[in-house]
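Subject: Structure handover

Hello,

Here is the structure you asked about. My notes on it follow below.

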Amino acid sequence: MKQPVRVTVTGAAGQIGYALLFRIASGAMLGEDQPVILQLLDITPAMDALEGVKMELDDCAFPLLAGVVCTDDPDVGFKDSDYALLVGARPRGPGMERKDLLEANAAIFSVQGKAIDQNASKDIKVLVVGNPANTNALITQRNAPSIPKENFTAMMRLDHNRAKSQLATKTGKAVTDVKNMIVWGNHSATQYPDLSNTTVAGTPALDLVEQDWYENDYIPTVAQRGAAIIKARGASSAASAANAAIDHVRSWALGTTDGDYVSMGVYSDGSYGIEEGLIYSFPCTCENGEWTIVQGLSVSEFSQGRMKATEAELTEERDGVAHLLP
Ligand code: NAD
Ligand code: LMR
């Protein structure tokens, strides 16, 4: 049996936390041979609820669960942590855009970035889920200068999974038939689900759908899916977000298969002309615990316009939190 790894989850008493922790403890995220110690961080008023979640985790008698720590102290929560899923943040309500949360949430990530810098393993892999996820990931990364920049990522996998599911439904095929999906940019309404390189059962996706449906139905449906769920449920997506977090970390830690792409918000190295340093979603493949941006894809004029628009929103968000970026 492998040695246990330490997995920090923030906002662990919240609704995504409740859909996430049991799957991490079951081995769905890091493999069924990898024991985990869960380090659960939330705010002081949530400690009773968090204790209740711990009781339920205990009651599952998960063979891979080697310990559970509940805390409201970031220094304890990130101590020696190997993986961190930063979920703890306020969700948006109806009529809000995710960037409207910047003011409420950004400070959380500067505090947690510093705590990661001082306490966590230097190899820690960080996934930011709390919105606005890309800019919060940037704040976290910039406040943790002793950890490699590549170790901070933002969750775009929910958008990626939504994009696959909508295309599979439209074409009457299985989601497993959809390959090389890409969602570029920001986890926001400006994101660009790009079918230029996608195939469905081996056929180029753009040969299977009308351009009008692609531009005026598909792209807005995927980009606005979070808002549609808030309208329908009265609360933001939780189980599908937790599932996407599991998928993201699993791909990163255990690798992607057959060259298929995953969309990850990662540190831009200037690929595809995107400003260096932004946390921008690119098509990636993963191997040996490292992500690599897929290179050499041709970019049409239409794609270029969309990719630049979502980049512009990220630079604007970044400039709005300059005071939190050392
Ligand atoms: P929730 O309100 O149910 O839970 C949030 C939890 O975070 C609460 O338990 C709260 O006490 C805790 N929290 C607040 N401040 C904290 C801090 N400083 N440290 C630790 N914990 C803290 O919300 P939720 O539905 O679980 O959503 C959490 C976040 O995830 C929201 O920002 C939401 O918008 C975002 N989200 C992102 C995606 C994505 O695709 N990136 C998808 C869904 C939701
Ligand atoms: C989502 O995409 O479902 C989440 O980011 C929640 C939201 O605010 O849309």
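Predicted model: local features only at pLDDT ≥ 70, side-chain atom pairs only at ≥ 80, totals over all residues.

Ligand 2

The shell around ligand 2 consists of R92, R98, N131, L158, R162, H187, G226, I230, S236 and S237. Sorted by class, these are two nonpolar, five polar and three charged residues. Two helices, helix 6 (157–171) and helix 8 (225–233), each contribute at least two residues to this shell.

For R92 the distance is 2.5 Å, for H187 it is 2.6 Å, and for N131 it is 2.8 Å. On its own ligand 2 would expose 260 Å², and the protein buries 94% of that area.

Ligand 1

Ligand 1 also lies between domain 1 (5–154) and domain 2 (156–321), since both give residues to its shell. There are 25 residues around ligand 1, and those that come nearest are Q15, D42, R90, V129 and N131. N131 is also listed in the shell of ligand 2. By class, the shell of ligand 1 has 13 nonpolar, ten polar and two charged residues.

As for polar atoms, a side-chain atom of D42 is 2.5 Å from an oxygen atom of ligand 1. The side chain of H187 has an N or O atom 3.2 Å from an oxygen of this ligand, and H187 also has a polar side-chain atom 2.6 Å from an oxygen of ligand 2. From the backbone, an N or O atom of G14 lies 3.3 Å from an oxygen atom of ligand 1. Ligand 1 has 870 Å² of accessible area on its own, of which the protein covers 85%. Helix 1 (15–26) and helix 4 (102–119) are the elements that give two or more residues to the shell around ligand 1.

Annotated regions

UniProt, in an unreviewed entry, annotates residues 5–152 as "domain: Lactate/malate dehydrogenase N-terminal". In the model this stretch is 39% helix and 19% strand, with its end C-alpha atoms 18 Å apart. The UniProt annotation "domain: Lactate/malate dehydrogenase C-terminal", likewise from an unreviewed entry, covers residues 157–321. That stretch is 44% helix and 19% strand, and its end C-alpha atoms are 24 Å apart.

Salt bridges

How many salt bridges does the structure hold? It holds seven. One of them pairs K99 with E313, with 3.3 Å between the closest N and O atoms. This pair links distant parts of the chain, 214 residues apart: K99 sits in the loop between strand 4 (83–86) and helix 4, and E313 in helix 10 (residues 301–320).

Backbone points to check

Most residues other than glycine have a negative phi, and most peptide bonds are trans. Two places in this model depart from that pattern. The peptide bond between N131 and P132 is cis, with omega about -5°. P132 belongs to the loop between strand 5 (125–128) and helix 5 (133–142). Y272, a residue other than glycine, has a positive phi near 55°. Y272 is found in the loop between strand 12 (262–267) and strand 13 (279–287).

Regards

Note on methods: Residues numbered from 1 in each chain as written. Chains lettered and ligands numbered in written order. Heavy atoms only, no water. Near = heavy atom within 4 Å. Polar contact = N/O pair within 3.5 Å; in protein donor to acceptor, adjacent residues only side chain to side chain. Areas by Shrake-Rupley, 256 points an atom, 1.4 Å probe, with all protein chains shown as cover. Helix = DSSP H or I, 4+ residues; strand = E, 2+ residues; numbered from the N terminus. Nonpolar A, V, L, I, M, F, W, Y, C, P; charged D, E, K, R; others polar. Domains from an automatic or database assignment. UniProt positions renumbered as here; feature names shortened; annotations may be inferred. Salt bridge = Lys/Arg side-chain N within 4 Å of Asp/Glu carboxyl O.
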